[in-house]
Amino acid sequence: MTQRNACVTDRVKMDGTPPAGTTRSEANVEPQAPNNAPAPAVPEPARPGPPSSPPSSPPAGAPAGGAAAGPAHPAAAPAAAPPATAAGAVPVPDALELISRLIDTVEPSQLVAVHCIDDAGNVVFWNNSCAELYGIPAEGALGRPLARLLSYERADQRAQALADAWRSGRTKPARDWQVSTAGGRRLWVSSTLFPVAQDGVVRQLFCVDADITARRLEDEALRAAGVNFLQMYMRSSDAILMLQGERITDLNPAALALFKCRNREDIVGRRLRDFSKQQPSPAGTPPLPGMEDYGHSDGSLRYDWRFVNCSGEAFWAEVLMTSISLDHGYLFYVVVRDIGARKQAERTLHLAAQVFENCRDAIVLTDRHRAIIAINRSFTLITGYAAEDMLGRPLRLHHGGVAPDDFQRQVWQEMDATGHWQGEVSCRRKSGELFPGWLSLTTIRDSADQVSNYMGMLSDITDRKRSEDHTRHLAEHDYLTDLPNRVLLLDRLSLALASARRNHTMLAILFIDLDRFKDVNDTLGHQVGDELLKEIAARLVKCVRGADTVSRQGGDEFLIILADIGGVDQAAHVAGSVLSAIGQPFQLGPHALHVSGSIGISLYPNDGDGIEQLINNADVAMYHAKESGRNGFQFFNAEMHAQIAERVQMENGLRQALRTQQFELAFHAELDIASGAPVGVEALLRWRHPELGLLRPERFMSAAEDAGLMIPIGNWVLQQACRSAQRWRQAGFSLVVAVNLSAAQFAQKGLLASVRDALAASGLDPSCLELELTEAIIMKGGNAAQDTLQALHGLGVRLTIDDFGTGYSRLGYLKDYPVDKLKIDRSFVHTLDGNTAVITAIVAMARSLDMVAIAEGVETREQLNFLRSVGCHQYQGYLADAQVRASALGPLLTSA
């Protein structure tokens, strides 16, 4: 059914309760008295017996016996005498005579016209069929009193029927009314009243009308020309059946078609209830109205019922049963009309009302002028506004940050263009509370494709927005300190740079890195380290203005954006405040901690005009602050950039050197002082750079440590040294090769495997490999260092403490660690004055612990003689190398 407008309520209740004595779910049965006579409360059952006067054809203008009053049938020709019947049997009249006397009412056509009025009698719904039926378009009907549009012949009865429907809230069965339109048309309609309730109060009244004017005219024609009635009966589109008792005695072709039976014998002789589909009914109500229950001599019965045709298909039909007494018996004239379309329309209306009322989203319906005409229950629950607060008010839309008029214009422009719009809106509850909503607007058009209504569905998205805000906060903030992370920092830095360019102001970036923070994690655990980071973050926030941004980049790195600063001195002042705040003691549970930080500062526009460039330059400056002794700050300059560029180039070159075998080893001989014979060599790394030539370790080892290349480089040295030592042994020189271990190598878990693999690959005996470590490396290893040393000793390799006397010199560990040799640092040997006592003590201690003492950096005979005099075992340096180069071993060391 195409509608020109819509009529809805904010709480719709369709009460389809049938009158007493009918089936609630599907049957709507109500006896109907003849016109101009009151209907009995309960139909009287028919009683057999002769009537008080013999039946005869009614005079013109009088109602047919037992039929509802209406236009009278014309006088019919006297009927032929009925044939003789058995005693007590009701004679069967001639069909033409019976039809001419029984016909009083015909059923509605299939046109279903629906309109709706409010409690003031004004039209709020007028469908296309109404417009076609009454000749009044929707725009001419909506909002006007129905009484000015249609005039009913029995106006008092019509008014009473409307009042009963408003008062009871119950659906009124169909009745026939003669109607005159404002345009002068006179129609007969079959009208059903359908109340619609909201919160238990009837708000609107639907009227479902069917045009029966043609049928009425057909009635009159039949009454006027009884001789032609049989032909009309046979050609009628109505399904007509005649019953005697409960048995079907005759039917027209339309009935045969409606019940989809092949021939008359499939129907004649059967009961109407034989074609009924079993359906629930209230207690005390028969499954189908029966002749013995509802037959009466002066009335008719109308009801809806669900039948099953001969093909087994169920269909809804409206039944009009008219009873008359004839020849001492009761006969029934039954019209059955398929009302599937009407039932579908009613179900659609009911379903739409239920969906409207029970939808969890707020629904608002407006007319074409955007004035609200209905809201549902959820609208009241969400906003607090009841129907009386909203009806008639214009639909206004708002969105935060957009002027109301501009937003309204944008929305309705899109609605006019596409018929749809959806988006976020700002809503206000009746209490005054603002809340975010998601609104979907849809244009409703009539059959002429003209806008008739607008429908909006509103959802409260407060929880969703809260969840989105929380998710966005997590995505843009550091989980530990709740400071902005890099994502949010870059966004804010972009805005700050745009503002600085626009206003020609200065901006500073402070890159902060905590000094030796790793030691806190390693000694006290990550939990204490996390607490320290949170405390530092809180202190940093207090050092800046509200317009500035403090961000954690990860690990122990923080970054501060100082927007719109007056000059370099302001950035230096903030950096000093930050260092002071970080330098204050931290009390974390039982731990009192003192930390410091290094800060690099870059300025816009002096040090760059791009985000990444400014951050990188601040990072470079921070690195120089660390190299300058930590716990300070440095401003970026071009020289720093050059040094960093060189360092980056150095790191890339080291990786290339590993891939292309640019490293090589240099060997320094170790001689026995007593005999002067070579006892070993120390392998030292050299890098033959393709552009810079041969580089010593002090030129590139720092870059290798920062690049994380110490382990692969150290493994390469270990493997090459073992191969060289094995070649010397094969040449007849039994020498021990000494290899220096870096802190990164000693700390790695795979050290034992690397040593074992190098020995296995070269075939070198473990006793010919000597590993040198500094005191600092051993001390930094903690308790794990002793286990590592024991494991290495278990492989059979020798262990040497390098640069002894310059580090922690904790003598107690010497007796616990499996150390074989102590190497006296060259700084003691180079200047004997003042150091002779130290050298003497170290040699004496080595001898007492059954260790070998070796001195490095020996360049003169005087130094060698002194070492011999104090009992030192071995020496190395320029003097030793010069002696070896002149021997047969020299060429082998050079070619290695």
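In strand E25, the bridge partner of Ile 599 is Phe 633. The model is predicted, so local features are given only at pLDDT of at least 70 and side-chain atom pairs only at pLDDT 80 or more, while totals for chains, interfaces and linings use all residues. Residues are numbered from 1 along each chain as its sequence is written, and side-chain values use heavy atoms, with hydrogens and water left out.

**The chain as a whole**

- The secondary structure of the chain comes to 31 helices and 34 strands; helices (H or I, at least four residues) and strands (E, at least two) are DSSP runs, numbered from the N terminus.
- Of the 896 residues, 48% count as buried, where buried means under 20% relative accessible area, exposed over 50%, and partly exposed in between (1.4 Å probe, protein chains only).
- Among contacts between residues at least 6 apart in sequence, 60% join residues at least 24 apart; a contact means heavy atoms within 4.5 Å.

**The five-stranded sheet**

- An open sheet of five strands has the order E20-E21-E19-E24-E25, and its pairing is mixed; two strands pair if DSSP finds at least two bridges between them.
- Strand E20 (549-554) and strand E25 (633-635) are the edge strands, each with a single partner strand, so one side of each has no neighbour in the sheet.
- From one strand to the next, the twist averages 20 degrees; axes are lines fitted to C-alpha atoms, for helices over the stretch in contact, and angles run from 0 to 180 degrees between N-to-C directions.
- Strand E24 (residues 597-604) runs parallel to E25, and three bridges join them.
- E19 and E21 are antiparallel and pair over seven bridges; Asp 513 has Glu 557 in E21 as its bridge partner.
- E20 and E21 are also joined in the antiparallel sense, by five bridges, and Val 550 stands opposite Ile 560 in E21.
- The hairpin of E20 and E21 has two residues between the strands, and Gly 555 there takes a positive phi near 60 degrees.
- Seven of the nine residues of E21 are buried, leaving this strand mostly covered.
- Helix H19 (residues 611-627) lies across strand E19 (506-514), strand E21 (557-565), E24 and E25, and runs at about 145 degrees to E24.

- Strand E9 (residues 239-244) is largely enclosed by the rest of the structure, because five of its six residues are buried.
- E9 runs antiparallel to strand E10 (residues 247-251), with four bridges between them; Gln 244 stands opposite Arg 247 in E10.
- Two residues separate E9 and E10 in this hairpin, and Gly 245 in the turn has a positive phi of about 65 degrees.

- Strand E16 (residues 420-428) and strand E17 (residues 434-445) are antiparallel and pair over nine bridges, with Cys 427 opposite Phe 435 in E17.
- Five residues lie between the strands of this hairpin, and Gly 432 takes a positive phi near 100 degrees.
- Glu 433 sits in the loop between E16 and E17 and is partly exposed, with a relative accessible area of 43%.
- Not counting residues up to four places away in sequence, Glu 433 touches Cys 427 and Arg 428.
- Glu 433 and Thr 383 are 50 residues apart along the chain, and their C-alpha atoms are separated by 9.2 Å.

**Two helix pairs**

- Helix H24 (residues 751-762) and helix H26 (residues 783-795) pack at an angle of about 15 degrees, with their axes 10 Å apart.
- H24 and H26 are therefore roughly parallel to each other; angles under 35 degrees count as roughly parallel, over 145 as roughly antiparallel, 65 to 115 as roughly perpendicular and the rest as oblique.
- H24 passes H26 in a right-handed crossing; a crossing is right-handed if the near helix is turned clockwise from the far one by less than a right angle, and left-handed if anticlockwise.
- Leu 751, Leu 752, Val 755 and Arg 756 of H24 make the contact with Thr 788, Ala 791, Leu 792 and Leu 795 of H26.
- Helix H28 (residues 836-848) and helix H29 (residues 861-870) pack at an angle of about 45 degrees, with their axes 10 Å apart, and are therefore oblique to each other.
- H28 passes H29 in a right-handed crossing.
- The contact is made by Thr 836, Ile 839, Thr 840 and Val 843 of H28 and by Phe 866, Leu 867 and Val 870 of H29.
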